[in-house]
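Open your viewer and get ready to click around. We'll go from stop to stop, and at each one you'll get something to select.

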Amino acid sequence: MSNDAMSSAVRPACASGTKIPSLAQLLVNGGDSRIALDTHGVNKYGCSVAPQSAEESLFAFGSATASTISQHGFAAADDVYQKIVQAYRDEMESSQSSLYSVYEQEMQNLRQELKQLCQTGDAVDVVFAASGTDLHLIASQLFAGASSTPSLIVMVEPGETGSSVPAALQGLHFSDCAALGEPVNPGQQVGQAVASELVNVALRDADGEPRTADEIDKEIELLITTACGQNKRVLLVLADVTKTGMIGPSVQCALTLRNQFPDQLEVLVDACQFRLTNATLNAYLEQQFLVAVTGSKFISGPSFSGALFFPSDAVIRYRQQTAPAGLYAYSSRADWPASWTGMEDLQKKANVGLLVRWVAAMAELRAFRSLSDDAINQFVQAFRHAVLTYFDAHPGLTLLPVPMPDRQVLAATPGWDQWPTIFPFVLHHASGVPLSREQTMSVYRRLQNEKQMQVGQPVTCGVQQQIPVSALRLCLSARLITAALSDVNEINGGGNKADEIIAKAIAVLDAARQISLQLDS
């Protein structure tokens, strides 16, 4: 893509115009200010609207934060973009709402394909939204609007999920622009619902070491049993997985509490990283947990595309509920299934930016789902082994302790998601002193700008040797796994794509280590 094409997309997310927008412009519209491009043609995550080449994608290990759109994702988005262009032209020539009709049909197509690719069945419904933060807003607004009873929201620390998530859960605007283009005031109430009380529970101790599952669970159990004993309703947000790959609270804790308080407790699984097999996703839905995912993390579609899975009981409970006023600026009628009659008053407005981003993400998901589970499992294990071996041999990088994902209580068939795909690490000077948060951010930016290598943005992880530190994150994505298995049936042996991607990962770690050592000179 030319520099002119990219610069044309450097615009506030709320801006609108009379001309037909380019695909590059649509890719950064219909969200909030986080995806607006800066003067360098990248959003706040360092991602461009110019599609990455296949070679560039091999150095893209930052999917826990965001990914730049791929060439085949861009091509898929361009296919639906041609329909959008024709709809714009039809509207210019007549008073018919052609654009919304196209949007409504394409979102329904996406809904059906997403359910098919995830093997959820017809009883499950899907609602689309601009981001994972928007999904939390939607879930909390539905929950708050279902009853006038006082409510409590319990979640793990926002540093492990998202800085804007607490505001969204409490029904507050979290940016200066809402997804449907309306300017809003951050921190103000989105609607008329009374804000719920919110409590955060830490996953790590002050030094960054993970707290035990038992400690976390006991704290959450006390909060919820106390609230339910006071006749409050509770929304529990179960993070699977967090920015550094943790699950909290434990799945067992959530199941036990839900069984104990079936009429007072709603469980929302924050799986916005989407690092789940179909078996795990459906096991959560069978337990009647809501599940939030995005197409822009593990799936590696462009920034800002979310989907909220509603299990059968929740569909019955919510689909006739009147749309909360707080959703009007964030959610289009077509983002919801047609059977949700309570949403009829939502704006019939086409969020075509959300559409093209989801179409690009779906191209990645479709390719990933075509792979065999055994092949994925083998590659994920081989990747993990190579990364752990590297960390063992290079003391200048310390792998942040992360418990292995434990979802055994769901009784889902074990798959590739039993292994970590996010590897958070802290960098050190030659003296062994850890890099400060500012120095770690400098390494992150130099990797991106000088080496064209992507890792996950730094995540604060406590204080070590009296220095506040952050961890960078080396991440596997669906796109990388698809590339690794694209031209081979076995991952072992020389000269195949899987070996190449593992070598690229080691090169990224090497580059991070070398840059950190340069800070000593």
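Before moving on, a word about what you're looking at. This is a predicted model, where local features need pLDDT of at least 70 and side-chain atom pairs count only at pLDDT 80 or more, while totals for chains, interfaces and linings use all residues. Residues are numbered from 1 along each chain as its sequence is written, and side-chain values use heavy atoms, with hydrogens and water left out. Helices (H or I, at least four residues) and strands (E, at least two) are DSSP runs, numbered from the N terminus.

Stay with α4 and α12 and turn the view. Their axes are 7 Å apart and the packing angle is about 150 degrees. Axes are lines fitted to C-alpha atoms, for helices over the stretch in contact, and angles run from 0 to 180 degrees between N-to-C directions. α4 passes α12 in a right-handed crossing, meaning that the near helix is turned clockwise from the far one by less than a right angle.

Next, select residues 98–118. That's helix α5, with 21 residues; from its first C-alpha to its last it reaches 30 Å, close to the 30 Å expected at 1.5 Å a residue. (The expected span is 1.5 Å times one less than the number of residues.) Color the buried ones, among them Tyr-100, Tyr-103, Met-107, Leu-110, Arg-111 and Leu-114. Buried means under 20% relative accessible area, exposed over 50%, and partly exposed in between (1.4 Å probe, protein chains only). What covers them? Show α4, β2 (125–129), α10 (278–286), β9 (306–310) and α12, which are included in the cover.

Now jump to helix α8 (residues 213–229) and helix α9 (residues 251–260), whose axes come within 11 Å and cross at roughly 20 degrees. α8 and α9 are therefore roughly parallel, a label for angles under 35 degrees. In the contact, residues including Ile-220 and Ile-224 of α8 meet Cys-253, Leu-257 and Gln-260 of α9. The contact residues divide into four nonpolar, two polar and two charged.

Zoom in on two peptide bonds. The one from Asp-240 to Val-241 is cis, with omega near 0 degrees, and Val-241 lies in the loop between β5 (233–240) and β6 (247–248). The bond from Gly-248 to Pro-249 is cis too, with omega near -5 degrees, and Pro-249 is in the loop between β6 and α9.

Last, pick two residues with positive phi. Ser-300, in the loop between β8 (290–294) and β9, has phi near 70 degrees. Ala-411, in the loop between β10 (397–399) and β11 (422–427), has a phi of about 60 degrees. Buried or exposed? Ser-300 is buried, with a relative accessible area of 1%, whereas Ala-411 is exposed at 68%.

Methods: Contact means heavy atoms within 4.5 Å. Angles under 35 degrees count as roughly parallel, over 145 as roughly antiparallel, 65 to 115 as roughly perpendicular and the rest as oblique. Ala, Val, Leu, Ile, Met, Phe, Trp, Tyr, Cys and Pro count as nonpolar, Asp, Glu, Lys and Arg as charged, and the others, Gly among them, as polar.
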